Amino acid sequence: MIKRIITGLIALAILIPLLVFSGTFVFPVLLAIVTVICLFEMFRCMGIHKKYDITMSAYTVAVIVPFFMRYIDNKVSVAKLCFVVGIMYLITVFASMIWSHGRIQFNDSMTIFVITAYIIGSINSIIFVRDFEDVGQYVYMLIFFGAWMTDTFAYFAGYFFGKHKLIADVSPKKTVEGSVGGILGCILSFIAYGLIVDIAFERTANIWFLALMGFIASVVAQIGDLLMSVIKRHYGVKDYGTLFPGHGGMLDRLDSVLTVALGMAAVCMVADVFEIQLF
């Protein structure tokens, strides 16, 4: 229980600056720093953090993309630029593999590219959602609520009711009951958040769609959590880092946030296509 409380305080320490500075220049700067830290932790987990010929290009991409996302108004142009950057990075990865004299294998290079794209794409989805039309300032909070409410409700549901293992060979402590509890808790949290926004900011929340978003957020949050557990098991590490003593690194704290950010970005795009009002 004490560990859970401390973890919550750490989460608040990450969240508060993102709340305060979300509309300023500091926001992309903070997310660029977070992205670089996450990449470094992943590269260290993979044992390639000292292979600068392949990691420095990833760090460069991590730094520049948040500013594309925030300061280029035309989202089509942003997509095109990100596509070009992605292609150039892929070519860089191939070049590093070719001239590595066997130090970097093809499978490793593809793993590096995919995991880098995943981390950078996920974190920059936070900016995309934050700047989404006139409701982004309310919607982007759901990224963090989706991840942390799922984790909290899943923990307590599993603690009191857990009997059936979810995926024992990936995460021995997670249960089916905990998973269901996380989903239900997340849905209720999203509905409550919508009602609070209604009252506090005189908006009109689409409660039914928020409930659907809560379901999606919770499912992808659990996928993100399990994904990072699979990667850690594959590379034989307990935690991604030691940034938060006793609680692992940045990736350990943001494992669910990454996938929820992607999920919420996808939901926003779908809502835009079908002209669904969120708030």
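A residue counts as buried under 20% relative accessible area, as exposed over 50%, and as partly exposed in between. F106 has 47% relative accessibility, so it lands in the partly exposed class. Keep in mind that this is a predicted model.

**How α3 and α4 pack**
- Helix α3 covers residues 52-71 and helix α4 covers residues 75-98; their axes sit 10 Å apart, at an angle of about 175°.
- Angles over 145 degrees count as roughly antiparallel, and α3 and α4 are therefore roughly antiparallel to each other.
- On the α3 side, the residues that meet α4 are D53, I54, S57, A58, V61, I64, V65, F68 and M69.
- Their counterparts in α4 are K75, V78, L81, C82, V85, Y89, T92, V93 and S96.
- Sort the residues of this contact by type and you get 13 nonpolar, 3 polar and 2 charged.

**A closer look at α4**
- N74 caps the N-terminal end of α4, with a side-chain oxygen 2.9 Å from the backbone nitrogen of V76.
- The buried residues of α4 are V78, V85, Y89, V93, S96 and M97.
- Helix α3 is part of what covers those buried residues, and so is α5 (106-130).

- Setting aside neighbours within four places in sequence, F106 is in contact with F94 and M97.
- M97 is also on the list of buried α4 residues.
- Between F106 and V93 there are 9.6 Å in space, C-alpha to C-alpha, and the two are 13 residues apart in sequence.

**Q222 in α9**
- Look for Q222 in helix α9, which runs over residues 207-235.
- Its relative accessibility is 14%, so Q222 counts as buried.
- Not counting residues up to four places away in sequence, Q222 touches T150, L166, S179 and I183.

**Helix α7**
- Helix α7 (residues 141-161) has 21 residues and reaches 29 Å from its first C-alpha to its last, close to the expected 30 Å.
- Its buried residues are M141, L142, I143, F144, G146, A147, W148, T150, A157 and G158.
- One of these, T150, is among the residues that Q222 touches.

Definitions and conventions: Residues numbered from 1 in each chain as written. Predicted model: local features only at pLDDT ≥ 70, side-chain atom pairs only at ≥ 80, totals over all residues. Heavy atoms only, no water. Axes fitted to C-alpha atoms, helices over the stretch in contact; angles between N-to-C directions. Helix = DSSP H or I, 4+ residues; strand = E, 2+ residues; numbered from the N terminus. Parallel < 35°, antiparallel > 145°, perpendicular 65-115°, else oblique. Contact = heavy atoms within 4.5 Å. Nonpolar A, V, L, I, M, F, W, Y, C, P; charged D, E, K, R; others polar. Buried < 20%, exposed > 50% of the residue type's maximum accessible area, 1.4 Å probe, protein only. Polar contact = N/O pair within 3.5 Å; in protein donor to acceptor, adjacent residues only side chain to side chain. Expected span 1.5 Å × (residues − 1).
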